[in-house]
Amino acid sequence: MPKYLLLKHYSGGPEPHNPYPPMDQWAPEDVEAHFAFLRNVRAQIEESGEYVDSQALTPAQTWVRYGGPDAAPVTTEGPHPETSDLVAGWWMIDVESRERAVELAAYVSSEPGPGGEPLYEWIDVREVMWERPRTTDAA
């Protein structure tokens, strides 16, 4: 079965469907409802056997690149990407088809925001290109 990564961005996508304020400006009950929904998404895909992994990420990031054979890695807090480039989290799913991945992404997009209204947030759906072959060799 193909695996897909459902990427949740911090406000990214082709265009905002329904602009909403940053989460730190939401009412506490709206934040709790939002995270309860996301926990429920995980529970549902675990129950269906489609769950592989999921993680939430902070917006803080460090860029790292190879510094050369005799140098330490180079790190920086910038360049600062567009907000749409910041990944808030993901679900890795193992589903029967791309259509099922899109169906799950649409469900995630219905997550509640301020006042319980759906966010209509864009969810980035990416198919995993390949997996390392499994071997039975003990070598």
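This is a predicted model: local features need pLDDT of at least 70, side-chain atom pairs count only at pLDDT 80 or more; totals for chains, interfaces and linings use all residues.
Is A106 buried, partly exposed or exposed? A106 belongs to helix α2, and its relative accessible area of 46% makes it partly exposed, a point taken up again below in the setting of the whole helix.

1. The mean pLDDT of the protein chain is 87, and 87% of its residues reach 70 or more. In the protein chain, the lowest confidence is found in strand β3 (residues 63–65), with a mean of 85, while the highest, at 96, is found in α1.

2. Overall organisation. The protein chain contains two helices and six strands, and their order along the sequence is β-α-β-β-β-β-α-β. Of the 139 residues in the protein chain, 27% are buried, and the accessible surface amounts to about 9,700 Å², with carbon and sulfur atoms contributing 55% of that area. Among contacts in the protein chain with a separation of 6 or more, 75% are between residues 24 or more positions apart.

3. Geometry and faces of helix α1. With 20 residues, α1 extends 29 Å from its first C-alpha to its last, which is close to the 28 Å expected at 1.5 Å a residue. The buried residues of α1 are D30, H34, F37, L38, V41 and I45. They cover an arc of only 95° around the axis, and they are therefore placed on the same side of α1. P28, E29 and E47, by contrast, are exposed on the other side of the helix. The buried residues of α1 pack against β1, β2, β5 and α2. After the helix comes G49, which has a positive phi, near 85°.

4. Geometry and faces of helix α2.

5. The nonpolar core. The largest nonpolar core comprises 15 residues, and those with the most contacts inside it are L6, I45, W91, I93, V95 and L104. At least two residues of this core are supplied by each of β1, α1, β5 and α2. I45 deserves a separate remark, as it is one of the buried residues of α1 and, when residues up to four places away in sequence are not counted, it touches E50, Y51, W91, I93 and L104.

6. S54 is found in strand β2 (residues 51–56). With a relative accessible area of 10%, S54 falls under the 20% cut-off and is therefore counted as buried. When its neighbours within four places in sequence are left aside, S54 is in contact with R42, W90 and W91; W91 is also listed among the residues with the most contacts inside the largest nonpolar core.

7. Y120 sits in the loop between α2 and β6, and its phi is positive, near 55°, in a residue other than glycine. The relative accessibility of Y120 is 44%, and the residue thus counts as partly exposed. A60, for its part, is located in the loop between β2 and β3, where a relative accessibility of 63% makes it exposed. The C-alpha atoms of A60 and L86 are separated by 8.9 Å, the two residues being 26 apart along the chain.

Conventions
Residues are numbered from 1 along each chain as its sequence is written. Side-chain values use heavy atoms; hydrogens and water are left out. Helices (H or I, at least four residues) and strands (E, at least two) are DSSP runs, numbered from the N terminus. Buried means under 20% relative accessible area, exposed over 50%, partly exposed in between (1.4 Å probe, protein chains only). Contact means heavy atoms within 4.5 Å. Accessible areas come from the Shrake-Rupley method with a 1.4 Å probe; for residues, only the protein chains shown count as cover. A nonpolar core is a set of buried Ala, Val, Leu, Ile, Met, Phe, Trp, Tyr and Cys residues joined through side-chain atoms within 4.5 Å. pLDDT is the predictor's confidence in each residue, from 0 to 100. The expected span of a helix is 1.5 Å times one less than its number of residues. The arc is that of the directions from the helix axis to the C-beta atoms.
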